[in-house]
Amino acid sequence: METKKCPQCKNLILKTSPTCLYCGRPNKFITKEYVNKKWSKDNNKDIFDYFFINKYFIFILFLILTVVIIIFN
């Protein structure tokens, strides 16, 4: 893995790390897009709602299928 020196404390850190492990200085240039991608509640909510609705849909279909099988046997 590639390392570089932190400009503030001069310790070696990975190039891929977001902050220095020793002093906490950000390693990457923090932009509004970066913050929104990491901390946006809307992005996580959409994914959660999608899986949550699909689980209930599959459960309801399974329940209906089970009832139909029981009735017609």
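**Entry 1**

I looked up I60 and found it in helix α2, residues 41-72. Helices here are DSSP runs of H or I with at least four residues, strands are runs of E with at least two, and both are numbered from the N terminus. The model is predicted, so local features need pLDDT of at least 70 and side-chain atom pairs count only at pLDDT 80 or more, while totals for chains, interfaces and linings use all residues. Residues are numbered from 1 along each chain as its sequence is written, and side-chain values use heavy atoms, with hydrogens and water left out.

Is I60 buried, exposed or partly exposed? I60 counts as partly exposed because its relative accessibility is 45%. The cut-offs are under 20% relative accessible area for buried and over 50% for exposed, with partly exposed in between (1.4 Å probe, protein chains only).

I60 is also one of the residues of a nonpolar surface patch, together with Y56, F59, L63, I64, V67, V68, I71 and F72. Their accessible area together is about 940 Å². I noted how patches are made: residues need over 30% relative accessible area and no salt bridge, like charges are joined within 9 Å, and nonpolar side chains (Val, Leu, Ile, Met, Phe, Trp, Tyr) within 5 Å. Accessible areas come from the Shrake-Rupley method with a 1.4 Å probe, and for residues only the protein chains shown count as cover.

**Entry 1: The chain as a whole**

I listed the secondary structure of the protein chain as two helices and two strands. Along the sequence the pattern reads β-β-α-α. The chain has 73 residues, and 8% of them count as buried. It exposes about 7,100 Å², of which carbon and sulfur atoms supply 66%.

I then checked contacts, meaning heavy atoms within 4.5 Å. Among contacts in the protein chain with a separation of 6 or more, residues 24 or more positions apart account for 0%.

**Entry 2: The cysteines**

I looked up C6 in the loop between β1 and β2. C6 is buried, because its relative accessible area is 1%. Leaving out residues up to four places away in sequence, C6 touches N11, I13, C20, C23 and R25. I also took the C-alpha separation of C6 and G24, which are 18 residues apart along the chain, and got 9.8 Å.

C9 sits in the loop between β1 (3-5) and β2 (12-14). C9 counts as partly exposed because its relative accessibility is 26%. Apart from neighbours within four places in sequence, C9 is in contact with C20, Y22 and C23. C20 counts as buried, at 3% relative accessibility.

C9 and C20 are eleven residues apart in sequence, and their C-alpha atoms are 8.7 Å apart. A disulfide is a pair of cysteine sulfur atoms within 2.5 Å. The structure holds zero disulfides.

**Entry 3: The salt bridge**

How many salt bridges does the count come to? It comes to one. The rule asks for a side-chain nitrogen of Lys or Arg within 4 Å of a carboxyl oxygen of Asp or Glu. The pair is E2 and K15, with the closest N and O atoms 3.3 Å apart. E2 is exposed, at 56% relative accessible area, and K15 is partly exposed, at 44%.

S17 is buried because its relative accessible area is 15%. A polar atom of the S17 side chain lies 2.9 Å from the backbone oxygen of L14. For the backbone oxygen of T19, the distance to a polar atom of that side chain is 3.4 Å.

T16 lies in the loop between β2 and α1 as well. T16 counts as exposed, at 61% relative accessibility. T16 and N27 are eleven residues apart along the chain, and I noted 8.2 Å between their C-alpha atoms.

**Entry 4: K10**

Last, I checked K10, in the loop between β1 and β2. K10 is not a glycine, yet its phi is positive, about 65°. K10 counts as exposed because its relative accessibility is 53%.

How values were computed: Polar contact = N/O pair within 3.5 Å; in protein donor to acceptor, adjacent residues only side chain to side chain.
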